Amino acid sequence: MASKVSFTIDSPGSRGGSHTLSVVYERLGAGEPLLLLHGIGHHWQAWEPVLPVLAAERDVIAVDLPGFGMSPGLPDGVSYDLTTVVPALGALCEALGVEQPHVAGNSLGGLLALELGRAGLARSVTALAPAGFWTESERRYAFGTLLAMRRGARMMTLPMIDRLSRTAAGRAALTSTIYARPGRRSPEAVVAETLALREAAGFHQTLVAGRDVVFTHDVPGLPVTVGWGTRDRLLLRRQGVRAKHAIPGARLVRLPGCGHVPMNDDPALVARVILDGSR
């Protein structure tokens, strides 16, 4: 059962200085700590397909980012930009008694993982289809697709979502943008993540904060793995080549047959990539 922790941050972009945040997380396993960060509009359950394998070797902490899943949104006046969210994740780790965890993230979570590495708050980074390596046209395409997914989720009633989730065709209609193999996702998981997308308090402000984000920095001094699905329809795999140019020491891994959220499409492969990257 997921837990909640509260902690205080100082937000440089806000009007009020110190703020108390609450974050929902799932923690299981034993070993070196491993922090898991999901993408925009998703929740910690995105990692469920790989949790059993990861928890066999790591103390796994899968979080709902602020404003997503069951975590409340940031306080009024606090921006969802990297200068706020990255230190907040550092404060979260401190509140949980974790120092410099391994960090794995997907999409938005991948970008945050890389920024945690740059800030010296991670001992290794695995970024799966991380945001920020786009051209402007690729960013507009990705944001437009995300907005369309959000509008679709908000237009549907819960009975409609539930009905669609009960068939393979319906699950494909709801999730094929992010999964290459949507039929592998359970009906219950599809309903839950569609509702998470619909209800995400931080969705719009995160997109606004991401408009000018382009990751061009190296992440020196720690192991970095970048993985990209060959069937990613949201952030095209050529962006992985740009990631390799920006981070020359990174290991670039191809994820055959995987979409934008690869943990569902090939759990064994993704778990192996994360564990290899954190050794």
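Predicted model: local features only at pLDDT ≥ 70, side-chain atom pairs only at ≥ 80, totals over all residues.
Let's look at how the rings pair up. The count of aromatic pairs here is two. Take Phe133 and Phe215: their ring centres sit 5.3 Å apart with the planes at 50°, so this pair gets called tilted. Phe133 belongs to the loop between β6 (124-128) and α4 (136-155), while Phe215 belongs to the loop between α8 (203-210) and β7 (224-229), so the pair ties together parts that are 82 residues apart in sequence. Phe133 and Phe215 are both buried.

## Around Phe143

Now back to Trp134 and Phe143. They make an edge-to-face aromatic pair, with 5.5 Å from centre to centre and 90° between the planes.

## Helices α6 and α7

Next up, a pair of helices. α6 covers residues 168-175 and α7 covers residues 187-199; their axes come within 11 Å and cross at roughly 25°. That angle is under 35 degrees, and α6 and α7 are therefore roughly parallel to each other. The crossing of α6 past α7 is left-handed.

Which residues make the contact? On the α6 side they are Arg171, Leu174 and Thr175. On the α7 side you'll find Pro187, Val190, Glu193 and Thr194.

Conventions: Residues numbered from 1 in each chain as written. Heavy atoms only, no water. Phe/Tyr/Trp six-rings, centres within 6.5 Å; stacked < 30°, edge-to-face > 60°. Helix = DSSP H or I, 4+ residues; strand = E, 2+ residues; numbered from the N terminus. Buried < 20%, exposed > 50% of the residue type's maximum accessible area, 1.4 Å probe, protein only. Axes fitted to C-alpha atoms, helices over the stretch in contact; angles between N-to-C directions. Parallel < 35°, antiparallel > 145°, perpendicular 65-115°, else oblique. Left-handed = near helix turned anticlockwise from the far one by under 90°. Contact = heavy atoms within 4.5 Å.
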